Amino acid sequence: AALDLLQGRLAEQGAPEQGPLVPRFALVTQGAVLASPEDGAPDLAGAAVWGLARSAQLESPGRFLLVDVDGEQESWDALPKVLEAAVALGEPQLAVRGGSLLVPRLVQVGGRSPSFGDGGSFLGCKGTVLVTGGTGGLGAVLARHLVCEHGVRRLLLVSRRGAGAPGAARLVEELSELGAHVSVAACDVSDREELKTLLASVEVEHPLCGVVHAAGVLDDGVVASLTTERVDRVLAPKV
């Protein structure tokens with residue numbers, strides 16, 4: 001529905017050459033982003049809509065505005081003034097919490113880059129760590145990082161082609177030389193039954209103690225050229 005909405009708006013607005021005079025279109029969601037420490041888990045469908053709409057913003061600057069509210073009546077009441085302020089200030093994305101306007105900013109939070117966040121480190125993990133998309137370029141980098149930086153000694157690398165993926169054998173050899181026990185399996189993680197079988201294959205003696213999700217399907221295209229089938233194909237492994 002969001003894709004249809006964005007594409008319809010792009011078609012109505014005409015060619016990008018019309019520039020900044022094209023009126024903005026505001027897409028309002030509820031609970032789709034984490035904007036304050038008090039926010040609970042985000043709405044997953046809404047979060048995906050934000051990702052799609054942010055791509056549309058990058059491709060067509062000035063045309064779309066993203067607003068997320070917390071569902072409180074005071075936030076809905078403040079929405080008209082918030083939209084007016086956002087347009088005046090040129091803010092592309094914002095949130096309304098308790099009637100107050102919040103905008104995203106990048107800030108430096110410390111001198112050391114976080115790894116997996118508080119309580120999320122794999123240091124001391126004695127079981128098996130599953131890496132989806134584990135034989136791909138990103139998966140291979142993450143696997144090396146887990147072994148060298150976090151001391152992980154048992155890895156289960158999964159991809160749709162498994163051991164038949166290009167470079168898989170060399171990756172296993174490299175990680176083994178670094179002291180890790182590595183298994184490679186073929187599994188489409190978007191298939192619930194395949195994933196269930198995969199998880200059941202993990203040795204009881206070395207239970208699953210962590211998952212790093214790097215699986216993905218590449219099907220590039222600007223928003224105007226996307227179809228629901230293409231979106232499904234790319235989104236499925238992420239879900």
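Visitor: By class, how many nonpolar, polar and charged residues are in the lining of the second largest pocket?
Guide: In this predicted model, that lining has eleven nonpolar, eight polar and four charged residues.

Visitor: Which residues lie nearest the centre of that second largest pocket?
Guide: They are Gly 133, Ser 159, Arg 160, Ala 215 and Gly 216, out of 23 lining residues. The volume of the second largest pocket is about 320 Å³.

Visitor: What is the volume of the largest pocket?
Guide: The largest pocket holds about 610 Å³. Among its 25 lining residues, Leu 52, Leu 226, Val 231, Val 234 and Leu 235 are the closest to the centre.

Visitor: Which helix gives the most to that lining?
Guide: Helix α7 does, with seven residues. Helices α1 (2-13) and α2 (44-59) each supply at least two. By class, the lining of the largest pocket has 13 nonpolar, five polar and seven charged residues.

Visitor: Turning to Ala 140, is that residue buried or exposed?
Guide: Ala 140 is buried, because its relative accessible area of 9% is under 20%. The residue lies in helix α4, residues 137-150.

Visitor: Which residues does Ala 140 touch, leaving aside those up to four places away in sequence?
Guide: Ala 140 touches Gly 134 and Leu 171.

Visitor: How many disulfides does a search of the whole structure find?
Guide: The search finds zero. As for individual cysteines, Cys 148 is partly exposed at 49% relative accessible area, whereas Cys 187 is buried at 5%.

Note on methods: Residues numbered from 1 in each chain as written. Predicted model: local features only at pLDDT ≥ 70, side-chain atom pairs only at ≥ 80, totals over all residues. Heavy atoms only, no water. Helix = DSSP H or I, 4+ residues; strand = E, 2+ residues; numbered from the N terminus. Buried < 20%, exposed > 50% of the residue type's maximum accessible area, 1.4 Å probe, protein only. Contact = heavy atoms within 4.5 Å. Disulfide = S-S within 2.5 Å. 1 Å grid on protein atoms, 1.4 Å probe; cavity = no way out; pocket = protein on both sides within 12 Å on 5 of 7 lines; lining within 4 Å. Points joined across faces, edges and corners; volume = space filled by probe spheres on them. Nonpolar A, V, L, I, M, F, W, Y, C, P; charged D, E, K, R; others polar.
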